[in-house]
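Subject: Structure for your review

Dear colleague,

Please find the structure below, followed by a short account of what was found in it.

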Amino acid sequence: MMNRTTWGVFMILCWLVGCQRPYQFAGTLLPVPQPAPDIALESVNGPVSLRDFAGQYTFVYFGYRFCPDVCPVTMGKLKQVKADLGNRGNEMAVVMITVDPERDTPEALAEYMAYFDDSFVGLSGDPEAIDAVGKPFGLHYHQHQGSAASGYLIDHTARFFLLDREGNMILSYAHETPLDDLLRDVRHLIETQ
Amino acid sequence: MKRYLLFVVLLVGLLVQAACSNSESKAAPITVENVRANMTMPTDTGSFWMLITNNSDTDDALLGAAVDGCGVIELHDMVMENDVMVMRPVAGGKIPIPAGQTVELKPGGLHVMCMQKAAPLALGTKVKIELEFANAGTITVEGEVVEPAMSSGGMNNN
């Protein structure tokens with residue numbers, strides 16, 4: 001049996017050599033980081049690829065403006081994460097890629113994203129280009145008939161993703177992930193990586 | 001004359017008291033609480049959430065709603081299926097409110113969907129919504145415009 005002094009020395013040594021538990025991310029960590037596709041989509045300021053956000057931790061979300069709550073709730077949480085990061089908020093970016101390019105023009109998306117934060121970027125483009133960008137993220141979306149008023153509705157992946165500073169997908173998050181957990185993960189990455 | 005006046009005053013008092021005690025002991029068949037309106041965004045859509053309680057012994061159903069500034073209103077449901085958000089108009093065009101139960105309309109679930117929104121509304125604005133029930137008829141309640149991320153009542157409860 002170790003006496004108290006031996007136990008204390010052991011704990012200090014343990015701490016010094018890094019026996020602490022590794023950080024537990026709230027998101028799902030990818031076993032191997034996946035490079036984001038270098039495919040240009042259309043922003044209000046011209047063509048933009050996800051690789052253009054290298055240097056920042058970038059949240060990528062696939063949604064559409066007609067979506068009444070899942071999309072705005074996610075954008076609202078990310079807005080708050082950025083605000084809570086304070087003067088390090090500029091180390092985080094948010095990109096929403098539309099799954100409804102027919103209605104979501106780059107101009108309409110820019111207005112929508114600016115509602116949340118001036119730095120948030122909305123991307124539209126050809127469906128083929130959106131599909132190609134979405135493929136490595138496992139994007140699923142499906143348009144189905146709505147009413148005369150809605151025209152059509154779109155089922156879509158609600159999970160969202162985080163790219164590291166090198167533009168690699170490293171984490172994915174369920175829609176329900178609480179704001180505090182998102183903030184804790186991003187803060188950890190910004191402060192330790 | 002004084003006796004007559006006293007009698008009238010007592011009678012009126014008794015009637016008022018009876019009316020008051022009656023309204024206190026018997027709840028309205030349908031009560032609607034915690035009405036929140038997600039109407040701030042610069043889009044054509046918005047949504048309303050609330051708690052609807054059926055205090056009666058008879059099943060009821062929400063059939064529709066009307067809000068000034070919403071061209072069309074539909075009742076929708078939303079579910080998550082393997083991380084995919086699936087939204088559909090509710091089956092049969094109505095939301096059942098079973099007798100003695102409370103049904104919650106909430107983000108990521110049942111909601112009153114506003115389409116052809118005339119204009120975004122400012123945070124904190126009070127909005128009247130007219131709800132049409134199969135049995136209880138039309139009930140008008142007031143909701144408050146909230147931040148989209150706060151619409152579930154707390155940022156961590158989404």
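Asp83(B) is partly exposed, with a relative accessible area of 26%; with a 1.4 Å probe and protein chains only, buried means under 20%, exposed over 50%, and partly exposed in between. This is a predicted model, in which local features need pLDDT of at least 70 and side-chain atom pairs count only at pLDDT 80 or more, while totals for chains, interfaces and linings use all residues. Residues are numbered from 1 along each chain as its sequence is written, chains are lettered from A and ligands numbered from 1 in the order in which they are written, and side-chain values use heavy atoms, without hydrogens and water.

Backbone. The loop between strand S4 (70-81) and strand S5 (84-89) of chain B holds Asp83(B); strands (E, at least two residues) are DSSP runs numbered from the N terminus. Asp83(B) has a positive phi, near 70°. Gln116(B), in strand S8 (residues 111-117) of chain B, also has a positive phi, near 55°, and is partly exposed at 47%. Most residues other than glycine have a negative phi.

A pocket is an open set of points on a 1 Å grid over the protein atoms alone, where a 1.4 Å probe fits, with protein on both sides within 12 Å along at least five of seven lines; lining residues have an atom within 4 Å of a point. Among the lining residues are Phe25(A), Tyr57(A), Asp164(A), Glu166(A) and Gln193(A).

Technical notes:
Helices (H or I, at least four residues) and strands (E, at least two) are DSSP runs, numbered from the N terminus.
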